[in-house]
Structures are given as structure tokens and as C-alpha cells.
Amino acid sequence: SDITIDNALIIKGSGRDQTIFDGSSQSGGFAVITASNVTIQDMTIQDYIDSREYSGGAAVRIGTTRGTQSTSSQYTGILLKNIKFYNNDATHTNAYGGAIHMSVSSNSNNTVADIEQCLFYDNYAAYLGGVLYMGDGNTANISNSVMVDNKATYYGAAVYAGDTASA
């Protein structure tokens with residue numbers, strides 16, 4: 001049920017109260033981004049559930065398809081703007097990021113996402129990062145956004161930034 005975005009693309013709604021993507025608690029997510037120069041803006045993304053192993057980002061997954069843990073690719077120019085993320089859940093015991101998941105970089109490439117003017121309410125991850133899981137080798141620039149009542153079973157009710165590099 002994901003929208004797979006593997007080329008530069010702009011998805012623009014008419015506003016958070018007018019354009020609503022509702023997963024109706026179906027299994028799967030809203031979008032998987034494996035491309036640079038992608039903008040998603042002016043909408044609500046709600047009620048998506050991702051229950052697969054190594055899942056996460058029930059609303060938006062950046063860097064890999066669902067079930068894949070890491071990428072050697074670099075993606076830049078990703079913008080999530082003026083989006084309400086509501087009640088998105090990553091429910092597997094190895095779930096990372098209730099609303100947004102940025103996959104681990106397997107080399108020195110750094111994926112960059114800008115998150116602006118977003119509202120995050122009641123998102124959940126069964127493992128790490130209720131709103132956002134940011135794996136090693138990623139940058140998320142978050143500005144003018146609100147995070148309320150998000151949960152993770154272990155760490156990062158709002159944001160979990162992992163550094164898994166070893167010496």
C-alpha cells in the first residue's frame with residue numbers, strides 16, 4: 001500500500017485539514033522514499049500501521065524499502081513540510097520510528113531530510129523513536145514542528161538518533 005518514490009517528485013496537498021491520507025489501520029505505510037529531491041507537503045498522514053520485522057516509518061520511510069535495514073545510497077533534498085502525522089504505528093518488536101524512519105547508512109553517505117512546520121501526535125514505535133528513528137549516517141533538520149503524546153517502548157518517545165558505528 002506504500003507509494004514508492006524512486007525519482008524526484010513533489011506531492012502537494014491542499015492543507016492539513018483538506019488533504020488527508022488515512023491508512024484506516026491497514027498494514028503497510030504511506031510512502032517509501034529512495035530518491036533525492038522529494039517534497040511531500042500540506043496534508044495529514046494518519047492511521048498507518050507497519051507490523052513487519054525491521055519495520056518503521058509507518059507514515060514515511062526514507063532510504064530503504066520496508067524490511068531492509070541499511071543502504072549505501074545517499075539521498076538529499078528531501079522535504080517534509082506542513083504535515084500532520086497522527087496515530088501512525090510501527091508495531092513489530094524490532095520497529096524503528098512510528099511516523100518517520102531514516103534507514104542506517106552502511107558507508108559514509110549521509111541522507112539529509114528537512115522537516116518543517118509538522119505536527120506529530122500519538123505516533124508509536126514498539127522499539128525506538130515514536131516520531132522519528134534516525135539511523136547512523138543521517139541528518140534530520142527539524143524546525144517549527146510540534147511533537148505531543150508520541151511513544152516508544154524503549155528509547156526516544158519523540159526522536160531516536162542512533163550511532164551504531166564501531167571502532
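Two strands pair if DSSP finds at least two bridges between them, and strands are DSSP runs (E, at least two residues) numbered from the N terminus. The model is predicted, with local features needing pLDDT of at least 70 and side-chain atom pairs counting only at pLDDT 80 or more, whereas totals for chains, interfaces and linings use all residues. Residues are numbered from 1 along each chain as its sequence is written, and side-chain values use heavy atoms, with hydrogens and water left out.

**Exercise 1.** Classify the ring pair of Phe-30 and Tyr-48, and decide whether each residue is buried or exposed.

*Solution.* Rings of Phe, Tyr and Trp (its six-membered ring) pair if their centres lie within 6.5 Å, and planes under 30 degrees apart count as stacked, over 60 as edge-to-face and the rest as tilted. By this rule there are seven aromatic pairs. Because the centres of Phe-30 and Tyr-48 are 5.9 Å apart and their planes stand at 65°, this pair is edge-to-face. Phe-30 lies in the loop between β3 (20-22) and β4, and Tyr-48 in the loop between β5 (38-46) and β6 (49-50), 18 residues apart. For accessibility, buried means under 20% relative accessible area, exposed over 50%, and partly exposed in between (1.4 Å probe, protein chains only). Phe-30, at 2%, is therefore buried, and Tyr-48 is buried at 9%.

Notes. Helix = DSSP H or I, 4+ residues; strand = E, 2+ residues; numbered from the N terminus.
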